[in-house]
Amino acid sequence: QVQLVESGGGLVQAGGSLRLSCAASGRTFSNYAMGWFRQAPGKEREFVAAISRSGGGTYYADSVKCRFTISRDNAKNTVYLQMNSLKPEDTAVYYCAAELWGSVGGSSPSPHSYAYWGQGTQVTVSS
């Protein structure tokens with residue numbers, strides 16, 4: 001199995017930027033499609049973005065399209081989420097997730113597609 005550790009969260013003003021990182025260990029990172037999800041207090045876990053095993057394919061939730069960018073560095077076993085033009089409604093705990101032999105597509109937004117999850121990192125956007 002793969003272990004995932006997120007970092008890079010924090011407090012930022014609206015309009016600002018943050019870059020989240022998710023470091024993976026334990027298995028061949030390039031065998032996993034990766035996703036980012038978020039969960040705000042009192043709300044269900046929400047899909048944010050996904051990236052294919054090679055990094056050549058990406059998929060975004062409409063709410064973050066054109067503001068967030070997902071990328072990965074398979075040599076560093078790390079996936080990133082660059083978040084720009086942040087809004088207060090982006091406030092949540094952000095989780096990375098891994099799907100063995102997964103691909104980017106219609107199943108990417110479903111949390112059930114991912115077997116492995118990190119512990120989450122808090123992002124707070126002040127108005």
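Reader: What should I know before I start?

Author: Residues are numbered from 1 along each chain as its sequence is written. In this predicted model, local features need pLDDT of at least 70 and side-chain atom pairs pLDDT 80 or more, while totals for chains, interfaces and linings use all residues, and side-chain values use heavy atoms, leaving out hydrogens and water.

Reader: How many aromatic pairs does a search of the whole structure find?

Author: Rings of Phe, Tyr and Trp (its six-membered ring) pair if their centres lie within 6.5 Å; planes under 30 degrees apart are stacked, over 60 edge-to-face, the rest tilted. Here the search turns up six pairs. Take Y32 and Y116: their planes stand at 75°, so this pair is edge-to-face, with ring centres 6.0 Å apart.

Reader: Which strands hold Y32 and Y116?

Author: Strands are DSSP runs of E, at least two residues, numbered from the N terminus. Y32 belongs to β4 and Y116 to β10, 84 residues apart.

Reader: Is Y32 buried or exposed?

Author: Buried means under 20% relative accessible area, exposed over 50%, partly exposed in between (1.4 Å probe, protein chains only). Y32 has 3%, so it is buried, whereas Y116, at 21%, is partly exposed.

Reader: What about F47 and Y59?

Author: That pair is tilted, with 5.8 Å between centres and 50° between planes. F47 is buried at 8%; Y59 is partly exposed at 32%. Both also belong to one aromatic cluster with F37, Y114 and W117.

Reader: Which ring faces does R45 lie over?

Author: A charge counts when NZ of Lys or CZ of Arg is within 6 Å of the ring centre and within 35 degrees of the ring normal. R45 lies over Y95 at 3.9 Å from the ring centre, and over W117 at 4.8 Å.

Terms used: Helix = DSSP H or I, 4+ residues; strand = E, 2+ residues; numbered from the N terminus.
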